[in-house]
Amino acid sequence: MMKNYFTSENYSDHIIRIKGIDTTASYLVVGKDKTCLIDTGMGAGSLKDYIEKQLNKKVDFVILTHGHLDHCGGIYEFKDLPIYMNHLDIEMGNESNAVENRFKSLQKHGIELNEVQPNIDFSITKDLKDNDEFDLGDITLKAIYTPGHTHGMTMILIKEERTILFGDGCGVGVLLFLPYSTSVEEYHETLINLKKHEDEYDKIIRNHGTCESEKDLLDNVIECCELILERKDDKADIYDALPLHKDEKGLYYAKAIDPKTHNRLDGKFGNICYSEDKIYRK
């Protein structure tokens, strides 16, 4: 039986959401003159073939929101196109996206080693800077630099759609304990700066889970930062919400979660998972 590596849905007239076999989403933004692929998933199967043969689209360039394997793993097929990523994530991108790392994560989805795309050297990417804009003809993309989850994390504003891709930069469980994450203190500054863009968007899309959030998400995560910095957060157990990290010591959620649903007990959406050594800048 042929594997169904990808599914897709039309989010809007210009935006197609594509989910890989691990359910991580990438986004195809289709303009009158150009088409941009934002993130490339884990690299299981051929995303390029799916876009060209199933969606009847052709990618002109690629933007990577950050360097983690579930966002850059499929980039090999697009290596001859312009690829944009903040260069602060180059080292992490090369480490994270090694074939053996992605294969280890994909095995549970029934993927064999020969189904995993090769890696690239991320130094071939073009540096993605804050406020860079990309004209697709009748739609414009704007990069908003948002360090936190990684040092190079970048959100993408789809201007005419009044939609912003938060990606992993702000969500229901932002990971700030990883080796290439910033401190909570620095991340708080990022989110306060992001508030300046609130009047530019009405809708928030993401790469995981429901892939959509209400606008109060940003304020909820800012509140989490402030509670952590004041040492007034719940400092809650992560339970099994993070399978890859459940055996690690000293990881906490800012707000307590339901161990079954992993949703916040207070009914709000937006949370931060952090470690003690990542609270204040060094």
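Biologist: Which residues does Tyr187 touch?

Modeller: This is a predicted model. Leaving out residues up to four places away in sequence, Tyr187 touches Pro147, Gly148, Gly169, Cys170, Val174, Leu176, Thr182, Val221, Cys225 and Ile272.

Biologist: Which residues of the largest nonpolar core touch the most other members?

Modeller: Nonpolar side chains tend to be buried together in soluble globular proteins. Here the largest nonpolar core has 25 residues. Ile164, Phe166, Tyr187 and Ile272 touch the most other members. Two or more residues each come from strand E10 (154-158), helix H5 (184-194), helix H6 (216-229) and strand E16 (272-275). H6 gives the largest share, 7 residues.

Biologist: How many disulfides does the structure hold?

Modeller: A disulfide covalently bonds the sulfur atoms of two cysteines. This structure holds 0 disulfides. For Cys224, the nearest cysteine sulfur is that of Cys225, 7.2 Å away.

Biologist: Is Cys273 buried or exposed?

Modeller: Cys273 counts as buried because its relative accessibility is 0%. Cys224, at 1%, also counts as buried.

Biologist: What is the volume of the largest cavity, and which residues line it?

Modeller: A probe the size of a water molecule, rolled over the atoms, shows where empty space is left. The count is 1 cavity of 30 Å³ or more. The largest cavity has a volume of about 50 Å³. Its lining includes Tyr5, Phe6, Asp22, Met42 and Leu106. By class, that lining has 6 nonpolar, 4 polar and 1 charged residues.

Note on methods
Residues are numbered from 1 along each chain as its sequence is written. This is a predicted model: local features need pLDDT of at least 70, side-chain atom pairs count only at pLDDT 80 or more; totals for chains, interfaces and linings use all residues. Side-chain values use heavy atoms; hydrogens and water are left out. On a 1 Å grid over the protein atoms alone, a cavity is a set of points where a 1.4 Å probe fits but cannot get out, and a pocket is an open set with protein on both sides within 12 Å along at least five of seven lines; lining residues have an atom within 4 Å of a point. Grid points are joined across faces, edges and corners, and a volume is the space filled by probe spheres set on the points. Ala, Val, Leu, Ile, Met, Phe, Trp, Tyr, Cys and Pro count as nonpolar, Asp, Glu, Lys and Arg as charged, and the others, Gly among them, as polar. A disulfide is a pair of cysteine sulfur atoms within 2.5 Å. Buried means under 20% relative accessible area, exposed over 50%, partly exposed in between (1.4 Å probe, protein chains only). A nonpolar core is a set of buried Ala, Val, Leu, Ile, Met, Phe, Trp, Tyr and Cys residues joined through side-chain atoms within 4.5 Å. Helices (H or I, at least four residues) and strands (E, at least two) are DSSP runs, numbered from the N terminus. Contact means heavy atoms within 4.5 Å.
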